Amino acid sequence: MAKKINAIVKIQLPAGKATPGPPVGPALGAHGINIPGFTKEFNEKTAGTPGLTIPVVVTIYSDRTFTFILKTPPAAVLIKQKCAIKAGSAKPNRDKVSKISKAQVEEIAKQKMEDLNASTLDAAISMVKGTARSMGVTVEE
């Protein structure tokens, strides 16, 4: 018989650096699961991708056990990493902070394809380009 799902919690955590404190503690502690166990398991699975923010979907069952699914990092995080910038522009329509090549955009789109709401690679590339533009990053054709 399948376990009864009590809650589904979505959080974004730094890869390999999750701690029992906020945001993990308050988000998962309310459901009574083993927070140090979750953070240890999460850190082991994400140790190979330092510096990235990883979205995770935690499914909590009625017997206080849990499973989690790691998603790909947000497109904005990947764009910042490719461009070697700390943040996007506060005024993206006026102030440009960096440039990104079409090949880099395609690489990000391929990486994010499984988590995007796109049926083709062209649609995924368009989404990543839009994210880049909204950050003040110019996409070179």
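Tutor: Angles between axes under 35 degrees count as roughly parallel, over 145 as roughly antiparallel, 65 to 115 as roughly perpendicular, and the rest as oblique. The structure is a predicted model, in which local features need pLDDT of at least 70, side-chain atom pairs count only at pLDDT 80 or more, and totals for chains, interfaces and linings use all residues. Residues are numbered from 1 along each chain as its sequence is written, and side-chain values use heavy atoms, with hydrogens and water left out.

Student: Why are α4 and α5 called roughly perpendicular to each other?

Tutor: Helix α4 (residues 102–112) and helix α5 (residues 121–135) pack at an angle of about 110°, and the range for the term is 65 to 115 degrees, so α4 and α5 are roughly perpendicular. Their axes lie 9 Å apart.

Student: Which residues in α4 meet α5, where contact means heavy atoms within 4.5 Å?

Tutor: Lys102, Val105, Glu106, Ile108, Ala109 and Lys110 of α4 meet Leu121, Ala124, Ile125, Val128 and Lys129 of α5. Sorted by class, this contact has 7 nonpolar, no polar and 4 charged residues, where Ala, Val, Leu, Ile, Met, Phe, Trp, Tyr, Cys and Pro count as nonpolar, Asp, Glu, Lys and Arg as charged, and the others, Gly among them, as polar.

Student: What makes Thr39 buried?

Tutor: Buried means under 20% relative accessible area, exposed over 50%, and partly exposed in between, with a 1.4 Å probe and protein chains only. Thr39 has a relative accessible area of 6%, and is therefore buried. Thr39 lies in helix α2 (residues 35–45), and, leaving aside neighbours within four places in sequence, Thr39 is in contact with Ala18, Thr19, Pro20 and Val24.

Terms used. Axes are lines fitted to C-alpha atoms, for helices over the stretch in contact, and angles run from 0 to 180 degrees between N-to-C directions. Helices (H or I, at least four residues) and strands (E, at least two) are DSSP runs, numbered from the N terminus. Contact means heavy atoms within 4.5 Å.
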